[in-house]
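Here are my notes on this one, point by point. Have the model open while you go through them.

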Amino acid sequence: MTSGFFLYASRYAVLGAGFAGISVAWHLLNDSPKDLRLSVDVYDEIGIGGGASGVSGGLLHPYSPKGKLLWHGAECWRECLELLNVAESSSSSSSSYTSATEKGDTNESFGNFMVRRRGILRPATNAKTLDLMSDNARNCLASCVVETIDNDVAQDLVPNLCLPLNRAFYYPGAMNVNPQRYLQSLFLACQNSAKASLGRQNITLVKKSINDVLELEGEYDAVVICLGSKVDFLPGLTGKLPLRTCRGVITHLQLHESASGSYPEGGPSILSDAWLAVQGPRDLHMGSTWEWQSRNYSSDVSAEEASRALAELLPKASAVYPEIEKWELAGARAGLRAMPPVTSHGSLPLLGCVDQLIGGGSCKFWVFGGLGSRGLLYHGWLGKLMAKAVLSCNEELIPSELTSWKRKTILTISSTLKLKQSLRKLRSHLAEDLVVLLVQPGFRDQGSGCCPNQEPLRCGERW
Ligand SMILES: Cc1cc2nc3c(=O)[nH]c(=O)nc-3n(C[C@H](O)[C@H](O)[C@H](O)COP(=O)(O)OP(=O)(O)OC[C@H]3O[C@@H](n4cnc5c(N)ncnc54)[C@H](O)[C@@H]3O)c2cc1C
């Protein structure tokens, strides 16, 4: 009972069915006036969770690597928990999900849970930042506390853990999420919510690749672009968003049933130089590699890439959890992150109306991208803000920190010569403090002294 009975007054397209897209779709349906006849079409070339979201580690907490609460961490944390609850409720009322889990459909690579609430442990590994981390822990959220623990307490949580500095930070309220199950259930919740509106609302998943958003113009009141690392392929947006890609490989490790020392049932996941996202007593994911500027969008990982990732990650993980050496490689998958510039507030996603970049007339085009390595944390709150702005056609409802990228000048630098030329241009923009540098692969500044530590320049870095 949908379009046959109602002509929808408002039609929205959401491009991409990852964390960003499904969150926006949920909020468009649920945060719009109840009597509004609204329909949402979600387009994805692969399907739900077809990009980075579907392969992500699913680790969720609101803190930076140094334990500092992230920008608007409280709102992000609250809204993300809210969406997890929505997804859990819809899956528990869905017979297909229940029967799959009852039948023991472990779907090895994804674990047999939607949300594993066993906390996350971050062993201190750097003496220089230990005091800072301890200070940050004192300013943690009441809804996601950070406990500073010593070796004895840590051993109770994970036997045979190795704490190089006899100190770890324990987030008992943190969790890991099975991203595929979560997204499927959140989409189901969208469908249920539309059904409950007695046909006044509608949501459809359209499996289709969109090559040019202008092909949708005229059909929709607004189009929200949530294409992750592929946003750069859209005509009008190519080279316009200050994003860098970064491929990450996650390995799936299993402990053979004959081997002793399975992971404790209540044991937390571990965040260190490599992370361990626990899936079960003999199953875990170990991640992740960081291959900057990769253009490999495939989630498939060759045997050679998997063994390279294993060689890189295993020593890092075994420095804090030596038992991992007994586990065996059972598979690997990968995703491409869309990394935004580093700002004084951290690496913030990019939101905003992009009509001016895309062209077109009546239709409003919006972007929600650059979720970097924190998509899970950011998608709930920012998806809500995005939907509000789209529904009311008002970009000012989005915090300016998330739209400021639109006012930046993008300079692309590929050599020291170009860097010097660009610096001249840059001077004319200094008053605005609005300059982004995109550095092409392989470029290192050879001694102009502009990039102090001789590391490759990073997009948006202030130096
Ligand atoms: C290895 C790895 C580990 C990670 N671990 C974590 C973690 O533990 N915690 C965390 O919070 N974040 C993690 N992240 C980051 C997180 O995965 C991303 O921030 C998040 O997935 C971005 O979501 P998105 O919806 O913007 O993009 P995506 O999930 O990439 O969604 C984009 C969607 O658009 C579709 N699409 C693309 N082009 C088109 C087109 N032309 N037409 C139609 N559809 C199209 C794709 O199929 C895809 O489904 C990890 C990322 C990686 C790579």
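1. The protein chain has twelve helices and 22 strands. Helices here are DSSP runs of H or I with at least four residues, strands are E runs with at least two, and both are numbered from the N terminus. Keep in mind that this is a predicted model: local features need pLDDT of at least 70, side-chain atom pairs count only at pLDDT 80 or more, and totals for chains, interfaces and linings use all residues. Residues are numbered from 1 along each chain as its sequence is written.

2. Of the 463 residues in the protein chain, 45% are buried. For the record, a residue is buried if 20 or more other C-beta atoms lie within 10 Å of its own, exposed if 12 or fewer, and partly exposed in between, with C-beta atoms placed from the backbone. As for contacts in the protein chain between residues at least 6 apart in sequence, 78% link residues at least 24 apart. A contact means that the two C-beta atoms, placed from the backbone, lie within 7 Å.

3. Now the ligand. It is surrounded by 41 residues, and the closest are Gly18, Gly51, Gly228, Gly248 and Gly375. The criterion for being near the molecule is a C-beta atom, placed from the backbone, within 6 Å of it. By class, the shell has 16 nonpolar, 20 polar and five charged residues. Ala, Val, Leu, Ile, Met, Phe, Trp, Tyr, Cys and Pro count as nonpolar, Asp, Glu, Lys and Arg as charged, and the others, Gly among them, as polar.

4. Which elements build that shell around the ligand? Helix H1 (19–30), helix H2 (52–55) and helix H10 (375–392) each supply at least two residues, and so do strand S2 (38–44), strand S11 (244–254) and strand S16 (328–339). At the domain level, domain 1 (10–112 + 178–243 + 345–405) and domain 3 (244–339) each give at least three residues to the shell. Those bounds come from an automatic or database domain assignment.

5. S11 deserves a slow look. Ten of its eleven residues are buried. S11 pairs with S16 in the antiparallel sense over eleven bridges, and there Ile250 sits opposite Arg333. Pairing requires that DSSP finds at least two bridges between the strands. S11 also pairs antiparallel with strand S14 (residues 283–287) over four bridges, where His252 stands opposite His285. Strand S15 (residues 291–292) is a further antiparallel partner of S11, over two bridges, with Cys246 opposite Trp292.

6. While you are there, check the loop between S14 and S15, where Ser288 lies. Gly287 and Ser288 are joined by a cis peptide bond, with omega at about -15°.

7. Next, strand S10 (residues 222–225). Ala222 and Val224 point one way, Val223 and Ile225 point the other way, and all are buried. In a regular strand the side chains alternate between the two faces of the sheet. S10 pairs in the parallel sense with strand S1 (residues 10–15) over four bridges, and Tyr12 stands opposite Ala222. S10 also pairs in the parallel sense with strand S20 (residues 364–369), over four bridges; the bridge partner of Val224 there is Trp366.

8. A point about the annotation: an unreviewed UniProt entry places a "transmembrane region" at residues 12–29. UniProt positions are given in the numbering used here, feature names are shortened, and annotations may be inferred rather than shown by experiment. In the model, the span 12–29 is 61% helix and 22% strand, and its end C-alpha atoms lie 10 Å apart.

9. There is also an open sheet of three strands, in the order S3-S8-S4, with antiparallel pairing. Strand S3 (59–60) and strand S4 (115–116) are at the edges with a single partner strand each, so one side of each has no neighbour in the sheet. S4 and strand S8 (residues 175–177) pair over two bridges, and Val115 has Val177 as its bridge partner.

10. Asn160 is not a glycine, yet has a positive phi of about 70°; Asn160 lies in the loop between helix H6 (151–157) and strand S7 (168–171). Leu198, in the loop between helix H7 (179–196) and strand S9 (201–207), also has a positive phi, near 55°. Asn160 counts as exposed, with 10 C-beta neighbours inside 10 Å, and Leu198 is exposed with 10 other C-beta atoms within 10 Å.
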